[in-house]
Amino acid sequence: MHAPPQTTLPLISAQNVRKTYRLGKISVPVLRDASIDVHEGEWVSIVGSSGSGKSTLLHLLGGLDRADADSGAIRFGGEDIRALGAARENRYRNRDVGFVFQFYHLLPELNVLENAMLPALVGLSRWRWFAEKGALRDRTAELLKTCGLGHRLLHRPAELSGGERQRVAIARALVNGPRMLLADEPTGNLDAKTGAGILDLLAERHAAGLTMVMVTHDAAIAARAQRQVRIADGRVQ
Ligand SMILES: Nc1ncnc2c1ncn2[C@@H]1O[C@H](COP(=O)(O)OP(=O)(O)O)[C@@H](O)[C@H]1O
Ligand SMILES: [Mg+2]
């Protein structure tokens, strides 16, 4: 795989981003001028010890949390995501980015198909939902098949293995056709063999053109990416 030409604009870029958590009167600086560029089509892994700020950085990239107000910028396609305005910011989180978490975060009362469809329902009027639900169900069922879940569409999360749950979460992250997938320790709760299957699924998506940023503390897992960066002392080294 070729390294992308560095003259092109990164798809996602964080420049000198700071994040400080405040616990009462105590400030806990987690990121201090962290910077990272990820180009379209890349697969980058972010490694670092537990508590180094990997999840924090990924949440900032995905718009799930905000950097300190006076710190640098996070740009997606050149646009500062803090300047988007609420509606466009919601669309960024819902459409441009897919997020996969270590602990899946599926809704237990919904079946596999319903869980995976959920992001596609956000913002749909009742009328459009009614008009489009058949096509959406078909499209989501197809996606779930490509994630190895064709035989589990109507099962609830409690009836699935950990690996199957993560496959549902990956399908949910992909259902709106995001430009970028952010994955936070996606195999962190799985045994090595099941985790390898999940990484194979992610690798297929990357090979099909998806940009991916994956956080892990495991060197062997990080090595599946094209490029690795390490976070330490609040900075991307
Ligand atoms: N919401 C929060 N409030 C206060 N401290 C937090 C919060 N989230 C994370 N932290 C602290 O920030 C540091 C980095 O956390 P995190 O980004 O989750 O690290 P990693 O994912 O690398 O293990 C840790 O010391 C953690 O305790
Ligand atoms: Mg973490």
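A183 stands opposite M214 in strand 8. Strand 7 (residues 180-184) and strand 8 (residues 211-215) pair in the parallel sense over five bridges, where pairing requires that DSSP finds at least two bridges between two strands. Helices (H or I, at least four residues) and strands (E, at least two) are DSSP runs, numbered from the N terminus. The model is predicted: local features need pLDDT of at least 70, side-chain atom pairs count only at pLDDT 80 or more, and totals for chains, interfaces and linings use all residues. Residues are numbered from 1 along each chain as its sequence is written, while chains are lettered from A and ligands numbered from 1 in the order in which they are written.

Strand 7 also pairs with strand 6 in the parallel sense, over four bridges, and V97 stands opposite M180 in strand 7. Five of the five residues of strand 7 are buried; a residue counts as buried if 20 or more other C-beta atoms lie within 10 Å of its own, as exposed if 12 or fewer do, and as partly exposed in between, with C-beta atoms placed from the backbone. Both faces of the strand are covered, with M180, L182 and D184 buried on one side and L181 and A183 on the other.

These strands belong to an open sheet of six strands in the order 6-7-8-3-9-10, with mixed pairing. Strand 6 (97-100) and strand 10 (235-236) stand at the edges with a single partner strand each, so one side of each is left without a neighbour in the sheet.

Helix 5 (residues 162-174) lies across strand 6 and strand 7 and runs at about 165 degrees to strand 6. Axes here are lines fitted to C-alpha atoms, for helices over the stretch in contact, and angles run from 0 to 180 degrees between N-to-C directions.

Helix 5 is also a partner of helix 3. Two packed helices are described by the angle between their axes and the distance between the axes. For helix 3 and helix 5 the axes come within 7 Å and cross at roughly 30 degrees. The two helices are therefore roughly parallel to each other, on a scale where angles under 35 degrees count as roughly parallel, over 145 as roughly antiparallel, 65 to 115 as roughly perpendicular and the rest as oblique. Helix 3 passes helix 5 in a right-handed crossing; a crossing is right-handed if the near helix is turned clockwise from the far one by less than a right angle, and left-handed if anticlockwise. On helix 3, V112, N115, A116, L118 and P119 meet V168, A171 and R172 of helix 5, contact being defined by C-beta atoms, placed from the backbone, that lie within 7 Å. The residues of this contact divide into six nonpolar, one polar and one charged. Ala, Val, Leu, Ile, Met, Phe, Trp, Tyr, Cys and Pro count as nonpolar, Asp, Glu, Lys and Arg as charged, and the others, Gly among them, as polar.

Helix 3 (residues 112-121) also packs with helix 4 (residues 126-146), their axes coming within 9 Å and crossing at roughly 125 degrees. That angle makes helix 3 oblique to helix 4. The crossing is right-handed. Helix 3 contributes V112, L113, A116, M117, A120 and L121 to the contact, and helix 4 contributes W129, L136, R137, T140, A141, L143 and L144. Eleven of these contact residues are nonpolar, one is polar and one is charged.

A second open sheet has four strands in the order 2-1-4-5, with antiparallel pairing. Strand 2 and strand 5 (79-80) stand at the edges, each with a single partner strand, so one side of each is left without a neighbour in the sheet. Strand 1 and strand 4 (residues 74-76) are joined by three bridges, and I12 has F76 as its bridge partner in strand 4. Helix 1 packs on this sheet, touching strand 1, strand 2 and strand 4, and its direction makes about 120 degrees with that of strand 1.

Strand 1 (residues 12-23) and strand 2 (residues 26-38) run antiparallel and are joined by nine bridges. T20 has P29 as its bridge partner in strand 2. The two strands form a hairpin with two residues between them, and G24 in the turn has a positive phi of about 60 degrees.

Helix 1 (residues 54-61) is mostly covered, with six of its eight residues buried: K54, T56, L57, L58, L60 and L61. Just after helix 1, G63 takes a positive phi of about 75 degrees.

Technical notes. Contact = placed C-beta atoms within 7 Å.
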